[in-house]
Amino acid sequence: MTGAGGGGVRVRPATADDEEAIAAIWVPGWREAHEGRVPDELLEHRSAEDLRRRVASMIEAATVAEIGRTVAGFVVVRDDCVDQMYVGGDHRGTGAAGELLSHAEAGIGERHDRAWLAVVAGNDRARRFYERHGWRDEGPFDHLTWTTDGRTIPVPCRRYEKAVRAS
Ligand SMILES: CC(C)(COP(=O)(O)OP(=O)(O)OC[C@H]1O[C@@H](n2cnc3c(N)ncnc32)[C@H](O)[C@@H]1OP(=O)(O)O)[C@@H](O)C(=O)NCCC(=O)NCCS
């Protein structure tokens, strides 16, 4: 699905040509969302190099928002989960995030009744954003996140859900 939303935001599937732009948003955005809010050990497994390496494997499941010719943000959906949701610092408050989230919800709603996502407990801005878009906090859980050496680290998160089934 592709479309132009409010404020000149255009949402389209990501391609390999977007890898650099996605990494440029994800690397600083990941730090901003997680630093000081997750176990320090996890930071060792999220170097800029680690994140950059993972971008290629996300492209197929990624959608980008463009403003003009600039990639403003991206969302990654896996099954019924909004797995990654990032907007670049210069494009916060532009509506790009809302367009991406709506797109993700619509895609999930074609196949599932409910969508879910994990947000780090201390990420207040993201939590406010999801709540403004009708997501409900379903409580705390330990999200098992990957490490670069094949293990997982439990990260205290909140589980958010929203009914999304297309009617
Ligand atoms: C979470 C995220 C995607 C939400 O996108 P967003 O653009 O910030 O959200 P909105 O479009 O609803 O913008 C509203 C926010 O922008 C602020 N805002 C409004 N106009 C603005 C502007 N011109 N410039 C900057 N911020 C502005 C509002 O004050 C509001 O912030 P607040 O909730 O702290 O008061 C984005 O903040 C982000 O990428 N954060 C870092 C990564 C992250 O945490 N991802 C989620 C992981 S679960």
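How many nonpolar, polar and charged residues does the shell around the ligand have, by class? The legends below take up this question together with others about the chain.

**View 1. The whole chain.** This is a predicted model, in which local features need pLDDT of at least 70 and side-chain atom pairs count only at pLDDT 80 or more, while totals for chains, interfaces and linings use all residues. Residues are numbered from 1 along each chain as its sequence is written. The secondary structure of the chain comes to five helices and eight strands, where helices (H or I, at least four residues) and strands (E, at least two) are DSSP runs numbered from the N terminus. Read along the sequence, these elements follow the pattern β-β-α-α-α-β-β-β-α-β-α-β-β. The radius of gyration, which is taken over C-alpha atoms, is compared with a globule rule of 2.2 Å times the number of residues to the power 0.38. For the chain the radius of gyration is 15 Å, close to the 15 Å that the globule rule gives for 167 residues, so the chain is as compact as a globular protein of that length. Along its principal axes, the C-alpha trace spans about 40 × 35 × 25 Å. Of the 167 residues, 28% count as buried; a residue is buried if 20 or more other C-beta atoms lie within 10 Å of its own, exposed if 12 or fewer, and partly exposed in between, with C-beta atoms placed from the backbone.

**View 2. The shell around the ligand.** By class, this shell has eight nonpolar, five polar and five charged residues, where Ala, Val, Leu, Ile, Met, Phe, Trp, Tyr, Cys and Pro count as nonpolar, Asp, Glu, Lys and Arg as charged, and the others, Gly among them, as polar. Of the 18 residues around the ligand, Ala33, Arg92, Gly93, Ala97 and Ala126 come nearest; a residue is near a molecule if its C-beta atom, placed from the backbone, lies within 6 Å of it. Helix 1 (19-34), strand 5 (81-87), helix 4 (96-109) and helix 5 (124-132) each supply at least two residues of the shell, and the largest share, five residues, comes from helix 5.

View 3. The expected span of a helix is 1.5 Å times one less than its number of residues. Helix 1 has 16 residues and reaches 21 Å from its first C-alpha to its last, close to the 22 Å expected. The buried residues of helix 1 are Ile22, Ile25 and Trp26, and what covers them includes helix 3 (48-58), strand 3 (62-67), strand 4 (70-78) and strand 5. Helix 1 is followed by Gly36, whose phi is positive, near 80 degrees. In helix 4, which has 14 residues, the end C-alpha atoms are 20 Å apart, in agreement with the 20 Å that the helix should span. The buried residues of helix 4 include Ala97, Leu100 and His103.

View 4. Two strands pair if DSSP finds at least two bridges between them. Strand 3 and strand 4 pair in the antiparallel sense over six bridges, and the bridge partner of Ala62 in strand 4 is Val76. Strand 4 and strand 5 also pair in the antiparallel sense over six bridges, with Val82 in strand 5 as the bridge partner of Val77. Seven of the nine residues of strand 4 are buried, so strand 4 is largely enclosed by the rest of the structure. In the hairpin of strand 3 and strand 4, which has two residues between the strands, Gly68 takes a positive phi near 65 degrees. Asp79, in the loop between strand 4 and strand 5, has a phi near 55 degrees, a positive value in a residue other than glycine. Asp79 is exposed, because 11 other C-beta atoms lie within 10 Å.

**View 5. Thr145 and its contacts.** Thr145 is found in strand 7 (residues 136-146) and is partly exposed, with 19 other C-beta atoms within 10 Å. Not counting residues up to four places away in sequence, Thr145 touches Leu42, Thr152, Ile153 and Val155; two residues are in contact if their C-beta atoms, placed from the backbone, lie within 7 Å. The C-alpha atoms of Thr145 and His45, 100 residues apart along the chain, are separated by 10.0 Å.
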